[in-house]
Amino acid sequence: MDAVVNATSGLIPSSDSDDTKDTSNSVVTFLASLTINIAVALLIFVIFCILRPRLRRVYAPRTYAVTKDKRPEPVSRGLFSWIPAVLRVPDTDIIQQSGLDTYMFLRSIRTMFIMFGVISIASAASILPVNVLGTMKLTGLNSLSMGNVDPRSNWLWVHIGFFAAIVWWSLWNIVGELRIYTHLRMWWLTHPNTVSKAGASTVLVSNVPKSLANDESRLRDLFSMFPGGIRQVFVNRMCKKLAKTVHTRDKLVTQLEKELTKYAIKCKKLWSKSQDTNSPYRPPSRPTARKGWDMFAKVDLFEHLAAEIARCNRFIAKSAKNMDTMERQSSALVMFNQQVGAHMAAQTVLDYRPFSMGQVTAGVNPDDIIWSNLEISPWSRRIRGYVTFAITVGLTLLWTIIAAALSSLVQVKSLADFEAFKWLRGNSVVLGIFSGVVPSLVLALLMSILPNILRLLLYIEGTTTRSQIKLRMLHRLFFFQTWNVYLVTIFSSSIFQIAIKSVSEPGKIVELIQTQVPQSATNILTYVLLLAFIGAAKEIVQGVPLALRYLVPKLFAKTPRMMLKAEQPQDFKWEAAIPTHSLIFLMGFSYSFIAPIVNWFVMVYFGLFYLIYRYQFLYVYNDSTWATGGLSFPKSIKQMLVSIYISEVYLLLMMVAKLHAGVNAIMRIVVAAGLIAVTVGAHLYINEVYMPAINHLPVKRAADVERTPVLAREFPDVLDRSGDIEKMLPESQRCAYATFSSLVPAFVIKLVLRLTQSAKPNAVDNGWDDAEETRGFAYDDQLFGQRQTRLSMADWQPLATSSNAYLARQFASPELRARAVSNLWVPLGDVLFEDLRRDIEHHGQGTILFITQGTDITKAFKVHADTDFELDHAESSNRADLYKRMYNTETE
């Protein structure tokens, strides 16, 4: 607001300001914004439909760049064939292919879509006619809002009753969704596909006392108190020099692959030219490099890089033998024999001393750990937390000033009251376009910068895993957007109007509050319009990835390895998307009873994003770096509850502003306060009943699975409380209850199922058939041999078949996991390069191996990389062959 005040100081209001038309709330503004948004969205949507079947690398990378069990069914080339294809995919297939996190995210979007679908219809049948027939004689879009109803009218009870009904129904939905999620999470935690992973039974313990870190036997004794005992303890070690060496080695390998690939293309060109001219082939001269600081001493670049790589690999091999001499850190990974032991350890007070082993994380993935933050002391972590919190508050205030200035642009007509801006009067088209599109667009672009700043702050704070950073960002970003986008945008424009009009008539402040605040619905409407149409279109067309998919390989991907990496599906920005959708829910819910037209566009928003996200997660996004078992869903639920609270406070303030209307006004205030009390009761119920069972595995669930192992594989019965497999419903009915029981009563679902029962009513479906199991949940050695990119070996290797030495390596820091062997994946399979390969292997002193399969040079002299080539498997086989040869040599 200070920015707005400063911007208007020194300007003298014009005398004829009362005649200025309210452009920001006029139909012209709304239609201009709606037309532009729909036109742009349709254009982008048509572009996507045309490009989708032609650009598989951008719009369907999951059909080839992930393991076969994760690949969706291909979609035909028709323009709109993808829509029915993605809607036909069952929920169970989404869980199998994309994971529980993805399914719960899609489920939350679908729930909000259905909620606002019902709210839209109900508001159109109840409060919208009351608003239109109001006696306040407002014009434009304001005639559709609550502000058009006389504050003394009994018709306001319709708004109160409508809002009370949707609050009750929303809370009922939220409780039902949490009940279903609890069952799904317990099923996910105990499913063989989860339990078989080594990380499922492992905890990360921070702030371990030196006395325990230096004596693993005492650490073992401590954690052996939990059920099943422990299998291994991995105390993390300090190895900065080794980390630097591994980083240097990897850079040298990348440089050597680039130079060899470039040289191979040059050789192929000369070979082709010699064949065309029947002249003898002469290989081109090799590239050279300066040796040290001597500008005149040059060495063969290939031999020099190979020798440097060999030097680094020798140091890595030496460090691996001397691992016990490295300094131990104050953190450890403890692997239990039973999963329930790990979850019990994560909930137990391990030490009576302040901060000692106070941070325990269950179900860790070594690739998810931020190893550099493990050594931060608890005191330092707390001080960093206070500092980053202060910075976050400072950013919030800074963004508040900027957002307030931008939101005031929506009320451009207020500027027309001043002499300097008289030229704006009467120009309804310019004002409509400017007020309806520009501020929302600038605000959305401004907010897109924020996630990167918050992510950096949480990293500096000392957060130990990347998943925790994402989960913690959900609430911080939601708070940030709620304050700056919702509250500042709404109230800055309303207060701006109230301040100007109350200068001449101070006694009308209360009246101005009840009339001007509802008019801020235009701000909400234009922002929702922008994200619903242009935002959804931007999401599906993937403009930046579309450019990068073709620019990166051409400009930067110079080796087969780089080209294969460029083909990998992109990650979904969970930490930015979830708060944004919660913000739209807040905007719609808080204005559901004030301006019911907002409900329809919020419904369109969630409907479009639900359809688009189903396609994106099945065909585009990579999910392997986000596997928390749906822990983001409870945070979405909390944000929905916050939205309901804010909406109820909003209603209470509106009723207080109408207090002069008499006894009816007092009764309306009592009802509004009662709604807050009901929501608090529901919130307490949720915290008591569901939240404790979400983060960790309940002992009863572990006991039920121990007694009846088939429960771990069967899709859960969300209505069942006994845990008896004999009482479980057929799978088709279980899926129906899981999908709809939070929206309608169970007896309605039961009645529909009975009416639509198949011709074989006695057939019992007890889970997935063999084909589905093989596709989704089999965990034999053959399946685990095809792991997804960016998953650590520890995240897919079956625990039962893993040796202790293997697990010790996989749960070490990245530099300790590094192998003392370098694989070069280059197109040198032709006989032309035989001497070159031998020369490099010689200078690599046995630490450099070649992989020539899966890549070649095309007739156009371009590098080609086979996207189906199993590079990880080839590298593992290469190392295994080398170790076998070394063992045979030592034996001989």
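Tutor: Before we look at helix packing: axes are lines fitted to C-alpha atoms, for helices over the stretch in contact, and angles run from 0 to 180 degrees between N-to-C directions. This is a predicted model, where local features need pLDDT of at least 70, side-chain atom pairs count only at pLDDT 80 or more, and totals for chains, interfaces and linings use all residues. Residues are numbered from 1 along each chain as its sequence is written, and side-chain values use heavy atoms, leaving out hydrogens and water.

Student: OK, at what angle do helix 8 and helix 27 pack?

Tutor: About 0°, with the axes of helix 8 (residues 156–190) and helix 27 (residues 663–689) 11 Å apart. Helices here (H or I, at least four residues) and strands (E, at least two) are DSSP runs, numbered from the N terminus. That angle makes helix 8 roughly parallel to helix 27; the cut-offs are under 35 degrees for roughly parallel, over 145 for roughly antiparallel, 65 to 115 for roughly perpendicular, and oblique for the rest.

Student: Which residues make the contact?

Tutor: Contact means heavy atoms within 4.5 Å. Helix 8 brings residues including Trp157, Phe163 and Leu171, and helix 27 brings, among others, Met667, Arg668 and Tyr685.

Student: And by class, what does that contact have?

Tutor: The contact of helix 8 with helix 27 has 17 nonpolar, two polar and one charged residues. Ala, Val, Leu, Ile, Met, Phe, Trp, Tyr, Cys and Pro count as nonpolar, Asp, Glu, Lys and Arg as charged, and the others, Gly among them, as polar.

Student: How about helix 2 and helix 21, what's the angle there?

Tutor: Roughly 10°, and the axes of helix 2 (residues 27–51) and helix 21 (residues 521–541) come within 8 Å. Helix 2 and helix 21 are therefore roughly parallel to each other. Their contact has 16 nonpolar, three polar and no charged residues.

Student: You listed Phe163. What does Ser647 touch?

Tutor: Phe163, Leu586, Phe589, Ser590 and Phe593, not counting residues up to four places away in sequence. Ser647 is in helix 26; C-alpha to C-alpha, Ser647 and Phe163 are 9.4 Å apart in space, but 484 residues apart in sequence.

Student: Is Ser647 buried or exposed?

Tutor: Buried, at 0% relative accessibility. Buried means under 20% relative accessible area, exposed over 50%, partly exposed in between (1.4 Å probe, protein chains only).

Student: Switching topic: how many aromatic pairs are there?

Tutor: A search of the whole structure finds 39. Rings of Phe, Tyr and Trp (its six-membered ring) pair if their centres lie within 6.5 Å; planes under 30 degrees apart count as stacked, over 60 as edge-to-face and the rest as tilted. Take Phe572 and Tyr621: their ring centres are 4.9 Å apart and their planes at 55°, so that pair is tilted. Phe572 and Tyr621 are 49 residues apart, and the pair links distant parts of the chain. Phe572 is buried, and so is Tyr621.

Student: And Tyr685 with Tyr690, how far apart are the ring centres?

Tutor: 6.2 Å, with the planes at 80°, so the pair is edge-to-face. Tyr685 counts as partly exposed at 41% relative accessibility, while Tyr690 counts as buried at 11%.

Student: Last one: where is Asn278, and what's its phi?

Tutor: Asn278 lies in the loop between helix 12 (240–277) and strand 3 (288–291). Its phi is near 55°, a positive value in a residue other than glycine. Most residues other than glycine have a negative phi. Asn278 is exposed, with a relative accessible area of 73%.
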